[in-house]
Amino acid sequence: MQCSKRTTVIGNQSAGKSSVVEAISGITVPRDAGTCTRCPMECRLAYTATEKWSCSIYIRREYDASGNVLDKVTETTFGAVITKKEDVELALRRAQVTVLNPHLDPLTILNASVEEFTQSPFVSKRTSPFSRDTICIELEGPELTDLSFVDLPVVRGLIQNAEPETIKLVEEMVVSHIRGNCLILVALPMTDDIENQKALRLARQEDPDGMRTIGVMTKPDMLTSGSTKAREIWLDVIEGRRHPLVHGYYCTRQPDDVERADNITPETARAAEAKFFSSTTPWSTSKHKNRFGTNHLISSLSKLLVGIINDTLPRIMAEAASKLEHCNQELAALPREIEGDPANYMLKLLTSFCDDIHRPVHNGLDVNQLVHLNTETFKELKIAIRKSAPLFIPEVFHNDTGTSSASSVKVDKLAEGPPFYLNDMLKHIQSSITRELPNNVPFSAKVDLITKFQASWESAVEICFAAVRKYVQDMLEHQIRHTFHRYEHLEGHVRIFVSEIVQRHFETCNTIIGPVLQAEATPLTQNTHYLADSTAKWSSTYKAKRSGTDEQNGLPPFKKQRTNGDISASAPKTAFPSTDTFIPPSNNSIPSTSGSATSFVNSVSGDPSGAFFFRVPPQQPSEVLNPFTATSNKTSADEQKRHINNALAALAALGYRGITEADFGKMIPPDEYETEIQVMAEIRGYFQITYRRVIDTIPSLIDLLFVRAIADDMQPSLITQFSLGTVDAKERCAMYLAENPMVVVKRKELTVRKERLEEVKHALHAFGLST
């Protein structure tokens, strides 16, 4: 982004480019083989009112040895101020050798003798063929015009036999200098066909509209009088009939080798040039007199540059401001550099990390909603445990026919184990009998049944714990990346230490969960009231299922399951009278009755234990009749309900308070499988006890000894692991906090770019005020 009156001079080999540079600047540049332009040469001309002429040379380093842009551009003085024009050429030779040999001491080159540069230039294997660094020449004098131009290496010719990388370097260098807002001065030797001028093609590539390009035709004196056709073609070019440019072409004639050897002065050279064009056809007959001569070229360059700058300055300033804003945004997106003591900074990082872990663990309102995820996992454990309930079916399974004695409808629709029939229970009890008294069921038979329905619990708990561990690890990994992503070394160590903490608490929690599950294999409960209640409920359920009364009466011995998938709602409320609610009547509390109530009561006998049953002789299960449904095929549902209500009213009148419809299952007469049904009820009742313990205890232990323990232990463990309180903590923390090299490089590049853009912004502002 150029902001000064600058012209870039480009051209092919032997295009007379150096002659044009000499004509504009008034100095002599190196010309002989081996010393042609091998790096950019920037000439800054300034008019001064004094008679004193001076020249200062600087070397601007913008690139390192690998061609990468340096963080900071430097422009150092090379030698003393020159006051004689004849001393400039040797000084430029020395400067170019210095640029091409950055490994050499500039003072060594400055102090070298003239012979070392004229006879044996400083050339070695380490000498670069070309360089992007620039030789800057500041010229001040009364005969100069305020102008700045850059002389670039030739586009082709000198580098025809060079390596492809060198050719690419030079072309990229030329393109980078002519891109932007500078005026492009293309030297075109008239000894060559204009279609062969690659420099002109590059100019058109970067300035397709031709608003910044001026063609300068050189060496017109090399066209002999016999080159009539060539002269006519070039005249058409000058007068705009061939290859037109917006700003047209200029033609100059510079001193030849003989004239330069005679040390021709600029004034004499300009006079000779004017005489040539006025006396040589077809130039002398052209109507475009202002297109011939160096003076016309210099005058036009100054005017064109001012016009270009006035047209482009507002856009350039807006572009610079936009790029500076974008640079600031990129810098803001990068993490700030570490300031202060590394140990304190690292402690803040670890504290922030641990705080971010506490929030999802204790509140569940942040990262991944950990608490909510774990709650869903515990619900899945609850379902898995509930599905392991023993699937007892109070029917007889006939192996010969493969059918049961009645319609096999599952009593527990949530249980997923293999069905266990009454005859299966009978065989199980008989095979377990050792030395028991008659009609006693061995305790080992019950323990074996309990152990079987608990067989899947360990696997279910492992699945649950593994899921919770994954959620915790995912949350921790997210926080590790979020907090430590810019410190690759530290991030790796934190990940290792956190993994060790997780594993430690996982093992600790497992050592507690294991014995808890083992304890459940041994039947034990202090909650005898609930066990009796649950056993009674299941006894009534199985008896009702066996007699079919639950299907006939629609009397649910169990609370219906909720349909929203919440297993917790499946646990029945007390459906049978307990010792707190069932009050048997005393001898003097039975009121007198009559009618239907009396006939119903006469069929019932009180039992000292509080149970009741019908006085009917034992029958086979298929012959059992329900007194409330004996005429069920002849009565409507409303009549059946009325009979039930009458029965309940009669019992209440007798003082049997607390009886419900569900209690009618107890009135079913004794069954030949009474013992087996009772064992089923006891085992199923105990399942409710142990099931409730496990679905509460296991999640509580996992949450307390694993999830919360990790969050509470994280900060002290990490501080200990990183030894933040030791003497060498500062040095080690500085090592841990070493940033990703890519981030460091990016920040450095953006910082340098910001500084340059700010300089450009200030320069543009100052330049706008001066124009």
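## Report on a predicted model

Strands E3 (residues 54-63) and E4 (residues 69-77) pair in the antiparallel sense over five bridges. Strands are DSSP runs of E with at least two residues, helices are runs of H or I with at least four, and both are numbered from the N terminus; two strands pair if DSSP finds at least two bridges between them. Tyr 58 has Thr 77, in E4, as its bridge partner. Five residues lie between the strands of this hairpin, where Gly 67 takes a positive phi near 85 degrees.

The model is predicted, so local features need pLDDT of at least 70 and side-chain atom pairs count only at pLDDT 80 or more, while totals for chains, interfaces and linings use all residues. Residues are numbered from 1 along each chain as its sequence is written, and side-chain values use heavy atoms, with hydrogens and water left out.

### Overall make-up

The protein has 23 helices and 15 strands. Of its 771 residues, 45% count as buried, where buried means under 20% relative accessible area, exposed means over 50%, and partly exposed is in between (1.4 Å probe, protein chains only). The protein exposes about 39,500 Å², and carbon and sulfur atoms supply 53% of that area; accessible areas come from the Shrake-Rupley method with a 1.4 Å probe, and for residues only the protein chains shown count as cover. A contact means heavy atoms within 4.5 Å. Among contacts between residues at least 6 apart in sequence, 79% join residues at least 24 apart.

Lys 537 is found in helix H17 (residues 528-547). Lys 537 is buried, because its relative accessible area is 1%.

### Aromatic rings

A search of the whole structure finds 18 aromatic pairs. Rings of Phe, Tyr and Trp (its six-membered ring) pair if their centres lie within 6.5 Å; planes under 30 degrees apart count as stacked, over 60 as edge-to-face and the rest as tilted. The table gives two of the pairs.

| Pair | Centre to centre | Angle between planes | Class |
|---|---|---|---|
| Trp 283 and Phe 292 | 6.2 Å | 45 degrees | tilted |
| Phe 687 and Tyr 691 | 5.5 Å | 10 degrees | stacked |

Trp 283 counts as buried because its relative accessibility is 1%, and Phe 292 is buried with a relative accessible area of 6%. Trp 283 and Phe 292 form one aromatic cluster with Phe 276 and Phe 277. Phe 687 and Tyr 691 both lie in helix H21 (residues 674-721), four residues apart, which is about one turn of the helix. Both Phe 687 and Tyr 691 are buried.

Charged side chains also meet rings. A charge sits over a ring if NZ of Lys or CZ of Arg is within 6 Å of the ring centre and within 35 degrees of the ring normal. Arg 291 lies over the face of Tyr 250, at 4.6 Å from the ring centre. The charged end of Arg 469 sits over the ring of Phe 506, 4.3 Å from its centre.

### Cysteines

A disulfide is a pair of cysteine sulfur atoms within 2.5 Å, and by this rule the count comes to zero. Cys 43 is in no disulfide; its nearest cysteine sulfur, that of Cys 55, is 8.4 Å away. Cys 43 is buried, with a relative accessible area of 0%. The closest cysteine sulfur to that of Cys 464 is in Cys 509, at 9.9 Å, which is too far for a bond. Cys 464 counts as buried at 4% relative accessibility.
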